[in-house]
Amino acid sequence: MSTAGTIVILTGAGVSAESGIATFRGPGGLWEGHRVEDVCTPAALARDAALVHRFYDLRRAALDTVTPNAAHDALARLDAAWPGELLIVTQNVDDLHERAGARRLLHVHGELRSALCAACGSRRAWHDALPPATICPACAAPALRPDIVFFGEIPYEMERVEAALARADLFVSIGTSGAVYPAAGFVRAAAAAGAATLELNLERSAGSAWFDETRLGPAGVLVPAWVDAVLAR
Ligand code: BJW
């Protein structure tokens, strides 16, 4: 890009792996000890709220033990320095991008440190354990749940993401397997809008064939190098 164009960056679990947060689908993955259908669907929440709330309580508490890595830091540096439009779209529910300093950021799959009222739809910051049937301060219903987008639910901020993809000059996907939609389809939307597309991942993903270029390696190495190159142009 000779002038400051629009960059859209999609991040997934791989960007937080080097901070010590397990990814979802690899060996030792987050769901190895949990069947996804036990924890990550509205039906599972209805069937066993205690299990689902406990699973997310543990992950929320574990955020205190991790810190942003070189990939989060580099993306925050790019966010601060890039004079054009930039949007980091993360599928991650951790808060490592914002703790690194990223500001132009959307969490499309929800946030561990947020609670959602299943009755009134209000969302609020939440840092402690969240037992089932916790009272919503907005509507008084005993209906607060983890603010996580389960399978079958609509991800957040899709209109903003789609609008950014339609304007994108460069789409970069970092550390995501391309197994979950709609995020897995962003590369095709960006390419259809004329964007160049780049994948940075540890290994080839389900979506690699859709990218103009794939660079393989750890995000903590690839992302700082890519950011340095973009800011040097
Ligand atoms: C490294 C690394 C290092 C490791 N450095 N890299 C049939 C066909 C198509 C779609 C569907 C279908 N049936 C149902 C659907 C839709 C469904 C879906 O996609 N299902 C698939 C299983 C097929 N999707 C949905 O239901 C979504 N909603 C929806 O579609 O609504 C309709 C709608 C959409 C839009 C507009 C209007 C309507 C909701 C999806 C919700 C996903 N939620 C989760 C759980 C979050 C909570 C939690 O954390 O517990 O989000 S699922 C889980 O997967 C999580 C992640 O965000 C998401 C993606 O995973 P991610 O990040 O890619 O992680 P991994 O582990 O898969 O991959 C890690 C990658 O990193 C790997 O490639 C490694 O190589 C790499 N890596 N270390 C760099 N150091």
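**The ligand site**

The ligand lies between domain 1 (1–21 + 67–109 + 155–233) and domain 2 (24–65 + 110–148), because both give residues to the shell around it. Those bounds come from an automatic or database domain assignment. This is a predicted model: local features need pLDDT of at least 70, side-chain atom pairs count only at pLDDT 80 or more, and totals for chains, interfaces and linings use all residues. Residues are numbered from 1 along each chain as its sequence is written, and side-chain values use heavy atoms, with hydrogens and water left out.

The shell holds 37 residues, each with a heavy atom within 4 Å of the ligand. The closest are R25, R59, T176, S177 and Y181. By class, 21 are nonpolar, 11 polar and 5 charged. Here Ala, Val, Leu, Ile, Met, Phe, Trp, Tyr, Cys and Pro count as nonpolar, Asp, Glu, Lys and Arg as charged, and the others, Gly among them, as polar.

Next, the polar contacts (pairs of N or O atoms within 3.5 Å). Y56 places a polar side-chain atom 2.7 Å from a ligand oxygen. For H109, a side-chain N or O atom is 2.8 Å from an oxygen atom of the ligand. G14 uses its backbone: an N or O atom there lies 3.5 Å from a ligand oxygen. Taken alone, the ligand exposes 1,500 Å², and the protein buries 76% of that (Shrake-Rupley method, 1.4 Å probe).

Helix 1 (14–17) and helix 4 (49–62) are the elements that give two or more residues to the shell. Helices are DSSP runs (H or I, at least four residues), and strands are E runs of at least two.

Y181, one of the closest residues, is joined to P182 by a cis peptide bond, with omega about 5 degrees. P182 lies in the loop between strand 7 (170–174) and helix 8 (186–192).

Conventions
A polar contact is a pair of N or O atoms within 3.5 Å; within protein, one must be able to donate a hydrogen and the other to accept it, and residues adjacent in sequence count only if both atoms are side-chain atoms.
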